[in-house]
Amino acid sequence: MGIPVRHFDAVIVGAGGAGMRAALQLSEAGLKTAVLSKVFPTRSHTVAAQGGVSASLGNSEEDHWHWHMYDTVKGSDWLGDQDAIEFMCREAPKVVVELEHFGMPFDRNADGTIYQRPFGGHMSNFGEKPVRRACAAADRTGHAMLHALYQRNVRANTHFFVEWMALDLIRDAEGRVQGVVAMEMETSEIVVFQAKATLFATGGAGRIFASSTNAFINTGDGIGMAARAGIPLEDMEFWQFHPTGVAGAGVLITEGVRGEGGILRNSAGERFMERYAPNAKDLASRDVVSRAMVTEINEGRGCGPNKDHVLLDITHLDPEVIMSKLPGIREISIKFAGVDPIKAPIPVVPTCHYQMGGIPTNYHGEVVVHGEPVQGFYAAGECACASVHGANRLGTNSLLDLLVFGKSSANSMIEFIKRQPEDLPALALADVERSVARVERLDKQTGGVQVNDARSALQRTMQAHCGVFRFKDMLEEGVKKILEVEQMVARTEIGDKSKVFNTARIEALELDNLIEVAKATMISANARTESRGAHVRDDAKDTEETPNGRDDKNWLKHTLWFRDGNRLEYKPVNLKPLTVDTIALKTRSY
């Protein structure tokens, strides 16, 4: 074959919060663990998480994991699996205290306990009033988490392969996963990383949209690789649009700003969220706030010369609070909006932020297809669908997801690896050869489509046809258009490889993954004819049987998209928790 093969007990693709938490667990168990990352680990997109990590510590007021579970099920619009949600919420205090012991520099209360702030959708006593549950390190929580985990991994002798891009999954004839084919980004050298167990922790794919809070590296690599390997993608129609991206720039303004007392205002200066969510107001769930903002803009109450955004006002807060609790936000606002939030409100607009769907897993982190785990394959973090976020994720549950399921998947891998023979089996070469051929096609293609043109067409199509509000005709047209874009992607070329930087090749390979995510999203969204969570159809009727357009009779189920023939299957939502009673269906309001 002529391609080098490196052998490990475990291979992890992605060095964000989930990947590094898993790597730490594996390395400290004495396993030889490789972590592949397109960027230096502390530059992974977890670094951009600002507001906090949720856990019912009760450091500021009474709280309970069962209340957290209720909020998460309600936030998911009952599409979340209640066994996985209970597991996550019960584990939350443990993994946060564990992170503190790893050296995470949380902000502190006067008594030395971890500082907690309110966040949208997090309530006490089963939805009674907002509760302080988000454990924060100012407005740089993800940054602090990554550095703490990276330092612990260095101590544990984890093997990091920095600026390496995984290309494809390797599966044998029985479907067992044997590792990945990867490319060193600087040299284009292709290497096989063979392992007894493989974990995808590749993060999200927000770059399928033209406007996104996601980094440019968030191209859905794990999701694309899984789809090409025959793994279905679950609930890909559900994308969260964060209410507060900087207008015109898309850079995230944390929900923690509203947690500290920030208020959303329209062009008349009105605190409009009181009309949409009388109880939670500005701290309602993200999908509720995003739709309220878009409604204000669409009805002519937007701000600015084009009336295309609203304002996030913290001018009434003590400047000391802003400087101590939101220093990074002030810096972002000045840099990207030209506004000092101490003196004037920040212009904000809903922006694509987070994918609720992904590679189907259980709460052990095992990838599951048709009820059976795929041997040797695990996923955690945003690329996975456990499903704890259902149709809409609550803020701060993303960092919690990384910690809980990064650790859980690693524990499952440790047990799996113990049962494997000492020597690795013969490598399945067919997948390796297909992956190499995919790279060679790019180098040989001439007279084709420029990568930037195909990517722009993809992003424009997704933004126009599959945004905050979705329409029957637009979705149907969107399916046709995204399949046309797929044909463009198949003809992409990178030009004379002696005259282009290797980044052109990497961007073309990333585009192969983006198109899989875009197809899964558009086709799944077109098929789901109800409104639920972040997926809102204008043709879904608000009736007694379908409140707010949610159709539990026909659509209380998970979507599974298969790349082969763009085929859709469905599976039931798990409404049975591990130890408590089912949280019963009800109309969702804040």
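Predicted model: local features only at pLDDT ≥ 70, side-chain atom pairs only at ≥ 80, totals over all residues.
Helix α14 covers residues 472–490, 19 residues in total, and from its first C-alpha to its last it reaches 28 Å, close to the 27 Å expected at 1.5 Å a residue.

Arg434 belongs to helix α12, which spans residues 429–444, and Arg434 is exposed, with a relative accessible area of 55%. Between Arg434 and Glu98 there are 336 residues in sequence, and their C-alpha atoms are 42 Å apart in space.

Attention now turns to the strands. Four of them make an open sheet in the order β11-β14-β13-β12, and the pairing is antiparallel. The edges are formed by β11 and β12 (263–265), each of which pairs on one side only. From one strand to the next, the twist averages 45°. In general terms, strands of a sheet pair through backbone hydrogen bonds, either parallel or antiparallel.

Three bridges connect β12 with strand β13 (residues 310–313), and the sense is antiparallel. Within this pairing, Ile263 stands opposite Asp313 of β13, while Leu264 faces Leu312 of β13. On to the next neighbour, β13 and strand β14 (residues 346–355) pair over three bridges, again in the antiparallel sense. Here Val310 has Val348 in β14 as its bridge partner.

Phe161 and Trp164 form one of them, with an edge-to-face arrangement: the ring centres are 6.0 Å apart and the planes make an angle of 85°. Both of these residues, Phe161 and Trp164, are buried. Phe209 and Phe241 form another edge-to-face pair, at 5.4 Å centre to centre and with 75° between the planes. This pair links distant parts of the chain, 32 residues apart: Phe209 is in the loop between β9 (190–200) and α5 (221–228), and Phe241 is in strand β11 (residues 239–246). Phe209 and Phe241 are both buried. Ring pairs also join Phe161 and Trp164 with Phe8 and Phe193 into a cluster.

Rings take part in contacts with charged side chains as well. Lys74 lies over the face of Tyr590, 4.3 Å from the ring centre. In a further case, the charged end of Lys557 sits over the ring of Tyr570, at 4.5 Å from its centre.

Finally, some backbone details in loops deserve a look. Ala386 and Ser387 are joined by a cis peptide bond, with omega about -5°. Ser387 is located in the loop between β18 (384–385) and α11 (397–418). Asn125 is not a glycine, yet its phi is positive, at about 50°. Asn125 is found in the loop between β4 (116–124) and β5 (129–135), and Asn125 is partly exposed, with a relative accessible area of 35%. Lys307, likewise a residue other than glycine, has a positive phi near 50°. Lys307 occupies the loop between α8 (286–298) and β13, the latter being one of the strands of the open sheet described above. The relative accessible area of Lys307 is 42%, and Lys307 is thus classed as partly exposed.

Notes. Residues numbered from 1 in each chain as written. Heavy atoms only, no water. Phe/Tyr/Trp six-rings, centres within 6.5 Å; stacked < 30°, edge-to-face > 60°. Buried < 20%, exposed > 50% of the residue type's maximum accessible area, 1.4 Å probe, protein only. Helix = DSSP H or I, 4+ residues; strand = E, 2+ residues; numbered from the N terminus. Lys NZ or Arg CZ within 6 Å of the ring centre and 35° of its normal. Pairing = 2+ DSSP bridges. Axes fitted to C-alpha atoms, helices over the stretch in contact; angles between N-to-C directions. Expected span 1.5 Å × (residues − 1).
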